[in-house]
Amino acid sequence: MYISGVPGTGKTATVMEVVSALRQSVDDGDLEDFDYVDVNGMRLTEPHQIYVQILKKLQGLKATPNHAAQLLTQRFNQRGKKTVLLLVDELDLLWTKKQDVMYHLFDWPSHRHARLIVVAIANTMDLPERIMMSRVSSRLGLTRLSFLPYNFKQLQSIVSSRLSGIEAFDGDAVQLVARKVAAVSGDARRCLDVCRRAVEIASQQNRLKKAMKLTTIEHVHEALQEMFSSPMIMFIRNASTQEKMFLRSVVAEFRRSGLEEATIGQVLHHHNAITKLDGLQPVSVTSIIKVCNSLATARVLMLEMGRYDLYARLRLNVSIDDVLFALNSDV
């Protein structure tokens with residue numbers, strides 16, 4: 001099963017809740033016992049380490065990546081085992097040129113005696129079509145679930161439900177938080193973080209003034225300013241037009257590919273398209289590389305060492321949400 005959706009929309013939390021319900025069914029005697037293994041691509045030093053992690057959690061064994069892959073393949077070809085539920089979070093970080101890691105993950109369940117269920121989670125809805133070879137995507141199957149970004153009303157409802165029975169927030173303040181976060185990402189976690197910080201600010205002011213006032217729009221504004229005014233975000237806000245356009249292009253390429261890494265050449269393709277849409281003159285390759293180096297010097301980007309051509313690879317050193325927030329006008 002493939003689950004997709006932008007960060008903060010409850011993908012992993014929903015799966016964990018389902019696993020908890022399955023565990024309860026096992027305890028009640030309504031379901032056969034099973035083994036549960038979860039792996040997060042972000043916590044691996046490199047994609048092939050997933051074999052090591054799965055083997056260690058499933059059988060308590062240690063092995064090299066190649067040996068672990070062989071042992072797991074043998075296990076999923078044997079009879080008489082408990083069913084295994086494998087959760088793979090941040091699937092896009094397991095991409096390799098040969099795509100052998102993804103292939104094994106989705107091929108194992110097809111073995112006759114595997115008794116393996118793989119649930120894969122990623123941020124991009126059409127990741128299989130974008131980056132997977134046909135031999136990999138065909139094994140993924142058609143069972144997919146997409147989590148859309150929360151809109152303003154949904155975020156407002158989430159915050160209101162958390163505040164149920166507590167008089168801490170002014171209604172307009174909740175609405176402001178929901179609108180601001182919905183405009184940037186629809187991330188419920190970011191929305192709750194802003195609310196938490198606004199309450200802390202209000203509490204500090206109440207102690208100083210020896211008063212008991214609700215968290216208001218002013219407190220929310222201050223929390224937003226704090227959370228979205230890091231040195232990186234301030235740099236992006238004050239960056240040159242070309243630097244901002246380049247960052248817009250980086251985000252566009254990441255969304256297109258489903259990966260969080262690209263070459264300067266791939267980003268340049270989007271940069272040229274944005275330039276035309278904005279009615280500006282295209283810039284030279286030399287100028288683009290200078291812009292890229294400037295952003296890398298400021299640590300907004302991480303650029304492949306020793307390369308100064310269109311094939312140099314780059315990554316963002318800040319979250320996409322923060323880049324979008326900085327580019328969308330001031331809070």
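The domain assignment divides the protein into domain 1 (2–147), domain 2 (152–228) and domain 3 (234–328), the bounds being taken from an automatic or database domain assignment. The structure is a predicted model, in which local features need pLDDT of at least 70 and side-chain atom pairs count only at pLDDT 80 or more, whereas totals for chains, interfaces and linings use all residues. Residues are numbered from 1 along each chain as its sequence is written, and side-chain values use heavy atoms, with hydrogens and water left out.

The C-alpha trace of the protein spans about 65 × 60 × 35 Å along its principal axes, and its secondary structure comprises 15 helices and 8 strands, both being DSSP runs numbered from the N terminus (helices H or I, at least four residues; strands E, at least two). Of the 331 residues, 44% count as buried, a term that denotes under 20% relative accessible area, with exposed meaning over 50% and partly exposed lying in between (1.4 Å probe, protein chains only). Among contacts (heavy atoms within 4.5 Å) between residues at least 6 apart in sequence, 68% join residues at least 24 apart.

The centres of domain 2 and domain 3, taken over C-alpha atoms, are separated by 32 Å, and 6 residues of domain 2 are in contact with 7 residues of domain 3. Between them the two domains bury about 610 Å², of which 54% is on carbon and sulfur atoms; buried area here is the accessible area (1.4 Å probe) that two parts lose on being put together, summed over both. Val184, Arg190 and Phe228 supply 72% of the area that domain 2 buries against domain 3, more than any other three residues.

Across this interface the rule finds 1 salt bridge, defined as a side-chain nitrogen of Lys or Arg within 4 Å of a carboxyl oxygen of Asp or Glu. Arg190 also forms a salt bridge with Asp322, in which the closest N and O atoms are 3.3 Å apart. The residues on the side of domain 2 that touches domain 3 divide into 3 nonpolar, 1 polar and 2 charged, where Ala, Val, Leu, Ile, Met, Phe, Trp, Tyr, Cys and Pro count as nonpolar, Asp, Glu, Lys and Arg as charged, and the others, Gly among them, as polar.

Leu303 is placed in strand β7 (residues 301–303) and counts as buried because its relative accessibility is 18%. Leaving aside neighbours within four places in sequence, Leu303 is in contact with Ile264, Cys292, Asn293, Ala296, Ala312, Arg313 and Leu314.
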